[in-house]
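I opened this entry to record what I looked up in the model.

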Amino acid sequence: MNDRTSYKSQFESFLSSDAMITREILLRRVLVAGGAIVLSITVMQPAYLIWGAGYLLADLAYVRFLRYFSLGPSRRAVLGATCFSAGIMLWIASLPIYLSFSGDRAFYAVAACIVVAMALHCLSSHSNFGAAFIVDLTGVGIATLGVTLGSASNVDDPRLVPAILFAAMAVYVYFAFSVQRIVKERVALAQRMEAEAQTLKMSALGQLTSGVAHDFNNQLTVIAGNIELARLEDLPDAAQDRLAEAYDGTRNAAQVIKQLLAYARKSPLKVDLLEANALISRVMNVAGRLLPVTITLEQRLFNGAVQIKADGAMLETALLNLVVNARDAMGGKPGLIRVSGRVHPLEGMASIAIEDQGPGMSDDLLHRATDPFFTTKAAGEGSGLGLSMVAGFADQSGGALRLENLEDGGLRAKIFLPAEIADP
């Protein structure tokens with residue numbers, strides 16, 4: 001567990017398996033209390049009542065602990081949940097083991113039923129391979145081994161003991177294998193469902209974006225046309241300057257529309273062979289004026305001649321977007337933004353990477369960063385379209401956008417595009 005996201009995932013595995021469904025919690029407590037009372041009355045031993053009371057108190061504290069820390073899981077909370085769960089599992093396992101060693105064969109069936117109940121809980125409660133899964137699987141193994149040894153110790157013919165042990169442990173090994181397979185299939189199913197939902201969402205957003213962009217572009221064309229007609233008239237210089245600024249604004253808006261259509265994969269791209277180093281230098285000259293003096297912009301150009309196949313205007317806009325994102329991620333702190341090029345001859349691709357010295361992103365944010373309208377910025381400071389449009393442009397160009405955390409902190413945004421690479 002290296003970050004808060006993994007703590008949360010581990011903690012939620014305990015929460016979902018032991019403290020989410022109120023009916024299941026009440027059923028556990030009623031069955032344990034009822035079983036303890038019946039056993040105590042049957043054999044007239046208060047030890048079973050003590051065992052039942054101990055379980056109820058421990059489970060009550062455990063559920064409260066999980067629900068209390070559910071909003072702020074940490075390393076300590078995960079450790080506490082692991083210890084709590086392991087303690088309760090051992091406490092439950094102690095009863096069937098005790099019954100098996102009691103010498104009364106009438107209790108063997110009771111002990112076996114308790115182990116089966118533990119196995120069913122393990123089988124039904126887990127959807128990942130977290131610590132909670134390991135604790136429960138280990139608890140079932142301990143109970144199985146204990147019950148088997150207790151039963152075997154009272155067998156009349158000692159020669160049967162190895163066969164009994166082998167049979168019991170073989171059943172447990174197959175059970176563990178089956179549970180692992182079921183959990184693996186659950187994880188794969190959840191991932192497939194999430195991927196399908198994401199695909200449907202992206203498709204719906206793409207259609208919506210395309211429709212809105214086309215309608216807006218039509219209105220923008222009318223505005224730009226009227227501005228051009230107005231500029232042909234004999235107007236004062238001040239008015240001409242304002243019209244020129246308005247016309248430049250429509251051109252910038254048209255570029256945004258083009259990016260939106262690229263995200264929706266419905267923008268006709270003008271693909272050219274672009275000299276990579278010249279393009280990077282040109283973009284970085286513009287980007288340097290967007291950065292504060294406290295941030296240094298470092299370039300590491302391609303070695304040799306590399307020509308990228310892409311729409312030049314769209315690529316320049318995409319790179320500027322990534323530089324601005326890197327600047328914002330650093331939050332005004334002094335540091336370095338590095339822009340570097342690298343070729344991938346086997347794939348016929350070239351990549352341009354922008355690295356910052358900001359805090360990086362959690363796994364969850366990395367997964368969602370390119371979703372349209374998703375942003376970590378404050379309200380009014382970002383539309384959430386920057387990375388999604390860069391990703392859409394790269395995808396439509398036959399490439400991809402990759403985001404990854406750097407080992408020493410910061411984020412690397414790398415855009416891959418088809419390229420022609422000269423022989424060294």
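I call a residue buried at under 20% relative accessible area, exposed at over 50% and partly exposed in between (1.4 Å probe, protein chains only). The model is predicted, so I note that local features need pLDDT of at least 70 and side-chain atom pairs pLDDT 80 or more, while totals for chains, interfaces and linings use all residues. Residues are numbered from 1 along each chain as its sequence is written, and side-chain values use heavy atoms, with hydrogens and water left out.

Entry 1, helix H5.
I took helices (H or I, at least four residues) as DSSP runs, numbered from the N terminus. I found that H5 spans residues 108-125, has 18 residues and reaches 26 Å from its first C-alpha to its last. This is close to the 26 Å expected at 1.5 Å a residue, where the expected span is 1.5 Å times one less than the number of residues.
Which residues of H5 are buried? I listed Tyr108, Ala111, Ile114, Val115, Met118, Ala119, His121, Cys122 and Ser125. They lie on the same side of H5 because they cover an arc of only 155° around the axis; the arc is that of the directions from the helix axis to the C-beta atoms. On the other side of H5, I noted Cys113, Leu120 and Ser124 as exposed.

I paired rings of Phe, Tyr and Trp (its six-membered ring) if their centres lie within 6.5 Å; planes under 30 degrees apart count as stacked, over 60 as edge-to-face and the rest as tilted. By this rule I recorded 10 aromatic pairs. One of them is Phe65 with Phe69, whose centres are 4.8 Å apart and whose planes stand at 50°, so the pair is tilted. Phe65 is buried at 17% relative accessibility, whereas Phe69 is partly exposed at 29%.
I then looked up Tyr172 and Phe175, a tilted pair with 6.3 Å from centre to centre and 40° between the planes. Both residues lie in helix H7 (residues 161-231), three residues apart, about one turn of the helix. Tyr172 is buried at 15% relative accessibility, and Phe175 is buried with a relative accessible area of 17%.
I also noted a cluster in which ring pairs link Phe11, Tyr62, Phe65, Tyr68, Phe69 and Phe84.

I located Ala47 in helix H3 (residues 47-68).

Definitions and conventions:
Helix = DSSP H or I, 4+ residues; strand = E, 2+ residues; numbered from the N terminus.
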